[in-house]
Every structure is written in C-alpha cells, then in structure tokens.
Amino acid sequence: MLVTLSLTGPDAPALGHLLHKHPDRVQTFALPVGEATVFYPESSAERVTAALLLEVDPIGMVKRRLTSREGLALTDYVTDRPYAAASMLAVALGRVFTTAMNGRCDSFPELAASPLPLEIRVPYVPARATTDGDPLTGTQLVQQLFEPLGWHVRALEAPFGPDGSWGPAPYVDLTLTGSVRLADALSHLYVLLPVLDNAKHYWVGSDEVTKLVRRGEGWLADHPLRELIVRRYLASRRDYVEAATVRLAALDDSVVDEPGDDTEEETVAPLKVQRRETVLGLLREIGARRVVDLGCGEGYYLRALLADPAVTEVIGVDVSPRVLAAAERRLGLDRLPDHQREKITLRQSSVTYRDDQLAGFDAILLVEVVEHLEPDRIESLEAGVFGAARPAHVVVTTPNRDYNPVYGLADGSRRHPDHRFEWTRAEFAAWADGVAGRRGYRVEFRTVGAVDPEAGPPTQLALFSREVQ
C-alpha cells in the first residue's frame, strides 16, 4: 500500500518539518500488520513529495487468526488486504504521522494552521459500490466523500477480469488536490479510507467512536454524507453509530480551536457557526419576534430560535417528513416545558409552494436553501415568499461562487453535491435587486466569514425589508 503527499510552492521545503519526518532519511516503523516506511521520492525548492509505503505481512496476519479461532475461510488466504489502501493504511497514517495529524509543528506553526496547496495520491483504493441501501457507485462515492471537504477529485477506474469483461474494477487510482490544512488532509484519509472499503481488519470497539469524533472534528458534523460515514466507519454497530451521532450533533454548535503558535492560541468559529450568529444578530437588529425557518432541515436554527426569549413564535418548514421527524427528535420537543413547546410548529411544505399559513410573519429565513433548487424553480420561490407570504423581512444566505477557488475547488465545482447552482456576488446582487424591485422590498447585503480581498466572503447574505406602503 502506498500514499504520497506533495506540497508545492515556496513553502514546499517545510513539508518535512510539518510531517516530523526528515527528507534526508528513510525511516521505518514496525506495526501490528507489517512495516511502514517513510521516504521522499521528490525534493526541490518548489515541490516536495513524501511517501508512506506499508508492506503488510499477510502470513503473520493469518497466523494470528489461527491463534484466536479454529478454522480459516478461503478469504483469509485470498484477500486484497496487503495491496489495497483501507483500514491498515489508515492505522499506519495515524501511527506514523500522529503529531502532524494533531496539527502541531513548533518550527512552522503558522503553516500547520493554514491551508496549503496539497496533492495526495493513493494508487489502489477500494471504492466498492455500497450494499447498505445508499444509491452510489464506487466512483460517485469517492467524489461525494471528498469533494465537500474542498478536494478536487480524480478517480481513475480500470477494467476488471482477464480480458476486462467483468466491468470496472472495485478500485480507483485516487488523486486529491486542494488547499487544505495538513492535519485535516491526514484526518480525511484516516476516516474515509476505511469508509470507502466498508470493512476493517480489526474488531470495532467502543473506542472507535472517540477516534471518529476526534478525527472528524471540524468537518464531519457538517458533511452531507455524515450518516453513511458514521455507519460504515463503525461497521454498522447501531449502539456505536447512535453514540457517535449524538456526539457529532453536539459539535454542530461548538467553537473549534485552530492550532496557533506556542504563545497565542487563536479561537476560530466554523463558518456554519459564524453564519448562525450573523443571522441571529440580524433578527435581533430588526426586532423579529415571529420567525419562519423555511427549509429548516434537522433544526439547527430552530434550536437557537427556541432559546431566544425575544422570539415568541417559530415555524420550521421542510419538504421532507423524515427530516422533520429528525428535527423533532433533535430538539427534544416531547421533553420541552409547555410554554416552549407551544412556541414552535413544524410543517411539511416546500419553499416553492404558496402556503398561506406563513403569511404575516416578522421574518422568513432562507439560509443556504436557494442553491438547492433547480434554477427554473427560483421564480416560484419568489412568488411564494415575497408575493404570498410577504413577511416584514427575508434573510437569504447562499455560497459565494467567487470564493470557491480559495477552498481549492476547480472551476465549475460546487461545494455540495446537491447544489444545483452557486451564484457569484454579481449574480446574487442582480437577483436580489430584481426581487426587491418587483416585490416592493429594499435590500442590503452583508458578509459572513473572513473576506478575501479579491474573492469576497465565503457566504453572501441579503436582508430584504418590506417597503412601507
């Protein structure tokens, strides 16, 4: 098994420091499954590549199984384990690059805390089509696991069988490129390689929940395939899956401490949290007391609105009954005091429907919703929200496509596989100005997240306020 990690640009020579492995030495590490070797096949002023080669001892593994149980199946002898990157390689990454995965580098703390132009290649990755009800093929699974994390994915398939007549092989030659913090990149591999294989070489115990939550911090709680990742990483052990789900849900509201230097530790909130605080601040600014969260999902904003004593009525609307049921469980509505339970209503409806029950509210939230609609349905959203419901205010947030290159996304890539489009700042402004002019609103624009001098903010926000007639 082999994985290579390359850093390009003027910071390339620092890769050895970041990985805590010297480029001038070949280092070997004894592991329970074999031997791992770290070496540098490429090292120049502009590009440095580190390689981790894991040589699995299949005979030793079979012998260990013989001591633990009687009899062996054919698959104990004929297996892809020594060759395909999966849980064994993930374990090797965790053992060999522990300090780098924790985000620490005393020599270059600012680089350890910053996104870097990385390229990762894993030549033989199991990418088996899911067998547990998830409608994804192997290649699609690879893309939908890594692309939401800011990676540009190239997954090459090869024909299977003596003459290629068996169809595509259940493996891909995987290359990831993107601007990603090194600790995050290693954590992505640590969690997602076993997920792709959907099998582990060791017994899954309760400690795996802690490993998953720790290595998924900062990205797994918001991943669109979180449920699949958790289920497959924990070998579908329901008790462990439930425990991990609860802990990850709690992280939705947490603040992440990004590693800084030894004298100052910088606390940075995830973009999701910054977006929530911006929206809640706007609601306080406009004095909204009756609020609709349109496209509420599993209740991330509903929880905050319930906790705000200034908000007296909340309606959460989503098109999916399953999602609404999850929101009800997550909010613990059956355990709330009567005065809080009476404050909230969950309704099944669509952002593109006219719903007279939503008329006359102080504010309607459309937070990260519009980009999930087909472009030809935007006009229906406008008619339903700004025409029929006609609240005093509408808050709309959506990704800024201009910012995507800052995340390392290739031109034309989107941040989420379910996004039907993503607007540039000019496109969003043109739409918002058009809606305001047609529907009798005025609009002002705000930013969410750190503003790039050229690309602008990662999230763009429009506050619509109804004109007094």
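This is a chat about a predicted model of one protein.

User: How many helices and strands does the protein have?

Analyst: The secondary structure comes to 16 helices and 16 strands. The model is predicted.

User: And what share of the residues is buried?

Analyst: Of the 469 residues in the protein, 49% are buried.

User: OK, sheets. In what order do the strands run in the one with β1?

Analyst: The order is β2-β3-β4-β1-β5-β7-β6, which makes seven strands in an open sheet with antiparallel pairing. β2 (27–31) and β6 are the edge strands, and each pairs on one side only. From one strand to the next, the twist averages 15°.

User: How many bridges join β5 and β7?

Analyst: Ten bridges join them, in the antiparallel sense; β5 covers residues 115–126. As one example, L116 has V180 in β7 as its bridge partner.

User: Which helices pack on that sheet?

Analyst: Helix α3 (residues 87–96) is one of them, touching β1, β2, β3 (34–43), β4 and β5. The direction of α3 makes about 120° with that of β4. Helix α7 also packs on the sheet, where it touches β1, β5 and β7. The angle between the directions of α7 and β7 is about 155°.

User: Different topic. How many cavities are there?

Analyst: A search of the whole structure finds six cavities of 30 Å³ or more.

User: What lines the second largest cavity?

Analyst: The lining is V3, L5, L19, A50, A51, L52, L93, F97, L186 and L189. The space inside the second largest cavity is about 60 Å³.

User: Which elements supply those lining residues?

Analyst: β1 (2–8), β4 (47–56) and α7 (182–197) each supply at least two. The largest share comes from β4, with three residues.

User: Now the sheet with β10. What is its strand order?

Analyst: The order is β12-β11-β10-β13-β14-β16-β15, an open sheet of seven strands with mixed pairing. Its edge strands are β12 (344–348) and β15 (441–448), each pairing on one side only. Neighbouring strands are turned by 15° against each other on average, direction ignored.

User: Parallel or antiparallel for β10 and β13?

Analyst: Parallel: β10 (residues 290–294) and β13 (residues 363–367) pair over three bridges. D293 has L365 in β13 as its bridge partner.

User: Which strands does helix α12 touch?

Analyst: Helix α12 (residues 300–307) packs on the sheet and touches β10, β11 (313–318), β12 and β13. Its direction makes about 175° with that of β11.

User: And α15? Which strands does it lie across?

Analyst: Helix α15 (residues 378–389) lies across β10, β13, β14 (393–399), β15 and β16 (459–466). It runs at about 165° to β13.

User: What span should α16 have, at 1.5 Å a residue?

Analyst: The 15 residues of α16 (residues 425–439) should span 21 Å, and the end C-alpha atoms are 21 Å apart, so the two agree.

User: Which residues of α16 are buried, and what do they pack against?

Analyst: F428, W431, A432, G434, V435 and A436 are buried. They pack against α15, β14, β15 and β16. Just after α16, G440 takes a positive phi of about 80°.

User: How about T447, where is it?

Analyst: T447 is in strand β15.

User: What is T447 in contact with?

Analyst: Leaving aside neighbours within four places in sequence, T447 is in contact with T278, P457 and T459. The C-alpha atoms of T447 and A462 are separated by 8.7 Å, and these two residues are 15 residues apart along the chain.

User: Last one: is α9 mostly covered or uncovered?

Analyst: Mostly covered: six of the eight residues of α9 (residues 226–233) are buried. They are R226, L228, I229, V230, R232 and Y233. Just after α9, A235 takes a positive phi of about 55°.

Key:
Residues numbered from 1 in each chain as written. Predicted model: local features only at pLDDT ≥ 70, side-chain atom pairs only at ≥ 80, totals over all residues. Heavy atoms only, no water. Pairing = 2+ DSSP bridges. Helix = DSSP H or I, 4+ residues; strand = E, 2+ residues; numbered from the N terminus. Axes fitted to C-alpha atoms, helices over the stretch in contact; angles between N-to-C directions. Contact = heavy atoms within 4.5 Å. Expected span 1.5 Å × (residues − 1). Buried < 20%, exposed > 50% of the residue type's maximum accessible area, 1.4 Å probe, protein only. 1 Å grid on protein atoms, 1.4 Å probe; cavity = no way out; pocket = protein on both sides within 12 Å on 5 of 7 lines; lining within 4 Å. Points joined across faces, edges and corners; volume = space filled by probe spheres on them.
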